[in-house]
Structure formats: C-alpha cells, structure tokens
Amino acid sequence: MIEDLLDRPAVGSDGFHTPKNPALLPEEEIASSSMSRERRLKFAAVRTCAREGLRRLGVSAAPILRGPSGEPVWPAGIVGSMTHCTGYHAAAVAPSDEVAAIGIDAEANRPLRYREMLGLVTTAEERAWIAEMESAYPDVSWARLVFTAKESVFKACFSLTRYRLGLGEIVVRVNPLSGEFHARTSTSHGSGGDAFPNRLTGRWTARDGLLVAALSIRRSARVQEEV
C-alpha cells in the first residue's frame, strides 16, 4: 500500500500482521530491552520494513536506533520515515542526495475518538470542507485523514529541520478523486538547502480499514512564496 503513494527514488515496504518474533540487530535489542512486549514488536516490525526498503536501495542492513525525540536514525546517505497502527506497519526510505525528507503516517479509518478533538486537529478552513466531504463521501473519516496528512508533513519537516510543526501551523486540503492532498505551512523553517517548503503535495489512500498518507521532498524543492 505505501509503495503506491511514493515517488521514485523513494521505496516503501509494509505489512498487515505483526510477526511474533521479528528479528532485531544487537544494538536494537539493547535499545528496546526496556519496552513492553507490544511496543517492542511494533519497534521491530517497522524496522523489518525499513530493512527491506534499504535492501532494495542496495544498502546493507544496519541498526536503526532512536534519536532524542524518538525519531528513527537512518544510515548515512538515507532519509526515511516509519509508521504503525493497529494492524499495519510501514517504512519508506530514499537516498538523501536526491530526496531531502519523507513523511508517512497511517491511522484507522474511523472517526476521531472525541468530537472535541476536531477543534484541536483541524482549522476552521479545514472543518468547512470536511463537512462537505462527510456528506458526499461518508466512507472516509475526513477529520482523521486530515490528521494523518498533517502527521506526514510533521515528520518530513522534523527530519529536515528539527522544527516541531504544530497541527495549527499546517492547513490541508484533500482531493477526494485524485488521491492527492495539498498542505501549506504558516511559515517556512530551516534555511538554504534545508529549507522546508511551505506548500507541498502528498498522496493518500483509504483501503482495508486504513488511512495512509505520504509525501516526499526532492532536493530540488525550494520554499515557495505565498500567493
């Protein structure tokens, strides 16, 4: 599923069933030793996906540890992103000389747990079109899809700039027919080659009870001026 949402040279790998005894490298075994069994299985499952992606890029298996904020630390020359939710896990990777950042996220295709969360996750602008989409396409949880898309933007921005975008700093508009979403951020972050574009386009899908969003930023991308 994740593979369908990525542009080359990014590659992805995913799975729907968490292996009972997924393999970890020695350094990862140490890093995950204090985790609960459930968390450790998720930790291992996404790394299994990541290593499959690295293999397809011709990169040897290497430990993928966690940075200070819990982010995956990729081998030199690689950018990537991971996600997992109940019944699904995925990773996407790409060579860093061609791709500046990747962000992926997956959520269950169901309404937000509390209606009050809508005001925390979305802007007034987003809520206006979400109401229209809920009427026209009731099979998709549009509010949760907005959250999923924003999470993919957040991950890409953080990996590139180490800036933690707030959900209110990201505005998303989803095209229900093309499978694309368009996002804009209120400000640009980073500078020079590490600047994060304030207008982006990603892809999304609703399948198998899941919502999955992904975007990648090519090295040629530059901050765009507000129109």
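**Figure 1. The end of helix α2 in the predicted model.** Helix α2 is followed by Gly58, which has a positive phi near 80°. The model shown here is predicted. Helix α2 covers residues 37–56, which makes 20 residues. From its first C-alpha to its last, α2 reaches 29 Å, close to the 28 Å expected at 1.5 Å a residue.

**Figure 2. The buried residues of helix α2 and what covers them.** Buried residues in α2 are Leu41, Phe43, Ala44, Ala45, Val46, Arg47, Cys49, Ala50, Arg51, Gly53 and Leu54. Their cover includes one helix, α1 (26–31). Strands also take part in this cover, among them β1 (11–15), β2 (65–66), β4 (78–85) and β5 (88–95).

Figure 3. Arg51 sits in helix α2. Is Arg51 buried or exposed? Its relative accessibility is 16%, and buried means under 20%, so Arg51 counts as buried. Leaving aside residues up to four places away in sequence, Arg51 touches Ala23, Leu24, Leu25 and Glu28, as well as Ala61, Ala62, Pro63 and Ile64.

**Figure 4. Helix α5 within the structure.** Helix α5 runs over residues 142–161 and has 20 residues. At 1.5 Å a residue it should span 28 Å, and its end C-alpha atoms are 28 Å apart, which agrees. How much of α5 is buried? Of its 20 residues, 18 are buried, so α5 is largely enclosed by the rest of the structure.

**Figure 5. Ala149 and its surroundings.** Ala149 belongs to helix α5. Its relative accessible area is 0%, and Ala149 is therefore buried. Which residues does Ala149 touch, not counting those up to four places away in sequence? They are Val172, Phe181 and Ala213. The view can also take in Gly103, which is 46 residues from Ala149 in sequence. In space, the C-alpha atoms of Ala149 and Gly103 are 9.0 Å apart.

**Figure 6. Arg162, after helix α5.** Helix α5 is followed by Arg162, which is found in the loop between α5 and β7 (170–174). Phi of Arg162 is positive, near 65°, in a residue other than glycine. Most residues other than glycine have a negative phi. Arg162 has a relative accessibility of 47% and so counts as partly exposed.

**Figure 7. Asp208 in the loop between β9 and β10.** Where is Asp208? Asp208 lies in the loop that joins β9 (199–207) to β10 (210–218). Asp208, a residue other than glycine, has a positive phi near 55°. With a relative accessibility of 59%, Asp208 counts as exposed.

**Figure 8. The cis peptide bond before Pro9.** The peptide bond between Arg8 and Pro9 is cis, with omega about 15°. Most peptide bonds are trans. Pro9 is placed in the segment before β1.

**Figure 9. Pro197 in the loop between β8 and β9.** Pro197 is in the loop between β8 (180–185) and β9. Pro197 and Thr122 are 75 residues apart along the chain, and 20 Å separates their C-alpha atoms.

**Figure 10. The whole protein, for orientation.** The secondary structure consists of five helices and 10 strands. The C-alpha trace spans about 50 × 40 × 30 Å along its principal axes. A compact globule of 227 residues would have a radius of gyration near 17 Å, and the protein has 17 Å, which agrees. Of the 227 residues, 49% are buried. Among contacts with a separation of 6 or more, 60% are between residues 24 or more positions apart.

How values were computed
Residues numbered from 1 in each chain as written. Predicted model: local features only at pLDDT ≥ 70, side-chain atom pairs only at ≥ 80, totals over all residues. Heavy atoms only, no water. Helix = DSSP H or I, 4+ residues; strand = E, 2+ residues; numbered from the N terminus. Rg over C-alpha atoms; globule rule 2.2 N^0.38 Å. Buried < 20%, exposed > 50% of the residue type's maximum accessible area, 1.4 Å probe, protein only. Contact = heavy atoms within 4.5 Å. Expected span 1.5 Å × (residues − 1).
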